[in-house]
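Thanks for making the time this morning. I would like to walk through one structure with you, and I will say what I mean by each term as we reach it.

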Amino acid sequence: WPFHAPYVKAINELKRERNAVILAHNYQTPEIFHCVADYVGDSLQLAKLAAASEAEVIVQGGVHFMAETSKILSPEKIVLTPDSEAGCSLAASITAADVRALRAEYPGVPIVAYVNTSAEVKAEVDICCTSSNALKIVESLGSDRVIMLPDRYLAENVAAQTKVKILAWHGACEVHERFTPQELEAYRADHPGLTIIAHPECPREVVEISDFAGSTAAMIDYVRRNKPARVLLVTECSMADNVAAETSGTEFVRPCNFCPHMKRITLPKILDSLLYMREEVTVDPMIAERARRSVQRMIDVG
Ligand code: 13P
Ligand code: SF4
């Protein structure tokens, strides 16, 4: 705290001067999440907040595809990323050329892109989805076959809940794919009465043995509503820290899988970002226009 405090103070002052807001994903570290963020949430919530915000400047506490999504939805705003190297193994697993090849191979089959993709990929697909609305989006398309990309585990987890045949790309989240059912069973054995809540980017066998699966916001909601005595959040490590800080009466059992990309965002880099107004995130207007259609269609489905 003594180390964080001067940064927190300087960032909060500069935010007002610049008419800026900080959007922080649920995986940001507690000093960002609790001390400087104006809005926190999952990918869908952050996308909507970016569009609704009246600030002139958005500082994205999250990875690059999230900053791009903010820019796509708010082209008139200055969107800053504190570290332009903050990537994502899912977004890196597929290119726009890959999507065009899929389109040629499966003509007429609708393509759904998880928001964890580049603007170029979003521009090529029919609609986007997040982990909180994926099933709804797939079923809204009125097709008996749908291509879902790039996360094969999210695709498998959606396929298990619908009659629609899902064709999946082979990407995976490097954080969630590391969890195993054996590891979770061992935690259950050591911690009687443990409630296990998983993110749908986890392998199918992990979701199958969990008590609930949902987006990061849905996981937080589950803890708030059900107040389990002991809970294990099968997701990125900082989320349990953030939720535990505002939850009493629940013990958090913590396996710790960090996302190295999310962890590139730090208080000193956020301060630099506001001080020097860098790195500005830009998206080619032609690409942004087409990507916006895919993201807006998702938002319109609800
Ligand atoms: P959500 O917050 O939408 O569940 O996404 C999780 C994630 O891994 C984002 O990178
Ligand atoms: Fe990408 Fe996984 Fe990190 Fe989220 S947690 S940014 S999906 S690598």
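Let me begin with a definition: a residue is called buried if 20 or more other C-beta atoms lie within 10 Å of its own, exposed if 12 or fewer do, and partly exposed in between, with the C-beta atoms placed from the backbone. Helices and strands are DSSP runs numbered from the N terminus, where a helix is H or I over at least four residues and a strand is E over at least two. Please keep in mind that this is a predicted model, in which local features need pLDDT of at least 70 and side-chain atom pairs count only at pLDDT 80 or more, while totals for chains, interfaces and linings use all residues. Residues are numbered from 1 along each chain as its sequence is written, and chains are lettered from A and ligands numbered from 1 in the order in which they are written.

With that in hand, look at strand 1, residues 20-25, where Ala20, Ile22 and Ala24 point one way, Val21, Leu23 and His25 point the other way, and all are buried. In general, the side chains of a regular strand alternate between the two faces of the sheet. Because 6 of the 6 residues of strand 1 are buried, this strand is largely enclosed by the rest of the structure.

What does strand 1 pair with? Two strands pair here if DSSP finds at least two bridges between them. Strand 1 runs parallel to strand 3, residues 57-61, and is joined to it by 5 bridges, with Ala24 standing opposite Gly61. Strand 1 also runs parallel to strand 2, residues 39-41, through 3 bridges, and there Leu23 stands opposite Tyr39. Strand 1, helix 2 (residues 30-35) and strand 2 together make a right-handed β-α-β unit, right-handed meaning that, with the strands pointing away from the viewer, the path from the first strand over the helix to the second runs clockwise.

Stepping back to the whole chain, the division is into domain 1 (5-86 + 263-282), domain 2 (91-173) and domain 3 (176-258), with bounds that come from an automatic or database domain assignment. The centres of domain 1 and domain 2, taken over C-alpha atoms, are separated by 27 Å. Across that boundary, 8 residues of domain 1 are in contact with 9 residues of domain 2, contact meaning that the C-beta atoms of two residues, placed from the backbone, lie within 7 Å. On the domain 1 side, helix 3 (43-52) and helix 4 (64-73) are the elements that give two or more residues, and helix 4 gives the most, with 4 residues.

Strand 9, residues 194-198, is mostly covered, with 4 of its 5 residues buried. Strand 9 and strand 11 (residues 230-234) run parallel and are joined by 5 bridges, in which Leu194 has Arg230 as its bridge partner. Strand 9 also pairs with strand 10 in the parallel sense over 2 bridges, and there the bridge partner of Ile197 is Phe212.

Finally, the ligands, where a residue counts as near if its C-beta atom, placed from the backbone, lies within 6 Å. Around ligand 1 we find, among others, Asn26, Asp42, Asn116, Cys173, His199 and Glu201. Of the 13 residues around ligand 2, Val63, Cys88, Cys173, Val175 and Cys259 come nearest.
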